[in-house]
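Reader: Could you take one part of this structure and look at it closely with me? I would like to know what it pairs with, what covers it and what sits beside that cover.

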Amino acid sequence: MTNWDHRFLLMAQLVAGWSKDPSSKVGAVITDGKRIVSIGFNGFPAGTDDDPSIYDDRERKYRRVLHAEQNAMSFAKRDLAGCTIYTTHPPCARCAAQIVQEGIKRVVCPPPSEDFLTRWKDDMTESLAMFHEANVDFVESDPT
């Protein structure tokens with residue numbers, strides 16, 4: 001891992017803190033070399049109600065929430081081919097599919113915790129399969 005990888009992982013952690021979701025705070029930073037292209041955190045679409053009570057209703061929250069990776073890719077407003085995305089958690093299969101589709105060539109995130117794996121192992125397995133098939137480098141690195 002380079003010093004820049006370390007810096008961008010720390011930035012993803014900072015961005016994650018902007019999420020209003022009390023149970024899951026996820027951040028993402030997309031870069032092109034050493035330049036930041038876009039950032040994103042998990043939350044509801046712009047212009048929609050983000051009342052805390054909606055976050056408490058898990059089913060309703062999941063129907064509305066955009067993942068950090070989705071927000072970062074959406075806000076980029078440019079071609080992302082060849083870019084790197086730094087995330088605070090391994091991407092879910094839905095986000096991995098979009099990462100592959102956008103042409104992002106490198107994903108950097110911390111190793112998943114045991115708690116994360118108990119809930120998301122199957123999803124992560126599918127993500128890693130897509131990354132492998134599409135020749136997307138997947139790097140696990142602890143930002144601390």
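Author: Happy to! A definition comes first: two strands pair if DSSP finds at least two bridges between them. Please keep in mind that this is a predicted model.

Let's start at strand 1, residues 27-32. Strand 1 is joined to strand 2 by 6 bridges, and the two run antiparallel. One of the pairs to look for is V29, whose bridge partner in strand 2 is I39.

T84 can guide you across, as its bridge partner in strand 4 is R106.

Putting the strands together gives an open sheet of 5 strands with mixed pairing, in the order 2-1-3-4-5. Strand 2 and strand 5 (137-140) are at the edges; each has a single partner strand, so one side of each has no neighbour in the sheet. From one strand to the next, the twist averages 20°.

Back to strand 1, where 5 of the 6 residues are buried. Setting aside neighbours within four places in sequence, T31 touches F8, I36, V37, C83, T84 and Y86.

What lies over these strands? Helix 4 lies across strand 1, strand 2 and strand 3, and runs at about 135° to strand 2. This helix, residues 68-76, is mostly covered itself, with 7 of its 9 residues buried. The buried residues are A68, E69, Q70, N71, A72, M73 and A76. They pack against strand 1, strand 2 (35-41), strand 3 (84-87) and helix 5 (93-102). After helix 4 comes K77, which has a positive phi, near 55°.

Now for the partner of helix 4 among the helices. The axes of helix 4 and helix 5 come within 9 Å and cross at roughly 25°. An angle under 35 degrees counts as roughly parallel, so helix 4 and helix 5 are roughly parallel to each other. The crossing is left-handed. On the helix 4 side the contact is made by E69, Q70 and M73, and on the helix 5 side by R94, C95, Q98, I99 and E102.

A disulfide here needs two cysteine sulfur atoms within 2.5 Å. The cysteine sulfur closest to that of C95 belongs to C92 and is 3.7 Å away, too far for a bond. For C109, the closest cysteine sulfur is that of C95, at 12 Å, also too far for a bond. C95 is buried, with a relative accessible area of 0%, and C109 is buried with a value of 0% as well.

Note on methods
Residues are numbered from 1 along each chain as its sequence is written. This is a predicted model: local features need pLDDT of at least 70, side-chain atom pairs count only at pLDDT 80 or more; totals for chains, interfaces and linings use all residues. Side-chain values use heavy atoms; hydrogens and water are left out. Helices (H or I, at least four residues) and strands (E, at least two) are DSSP runs, numbered from the N terminus. Contact means heavy atoms within 4.5 Å. Buried means under 20% relative accessible area, exposed over 50%, partly exposed in between (1.4 Å probe, protein chains only). Axes are lines fitted to C-alpha atoms, for helices over the stretch in contact, and angles run from 0 to 180 degrees between N-to-C directions. Angles under 35 degrees count as roughly parallel, over 145 as roughly antiparallel, 65 to 115 as roughly perpendicular and the rest as oblique. A crossing is left-handed if the near helix is turned anticlockwise from the far one by less than a right angle, and right-handed if clockwise.
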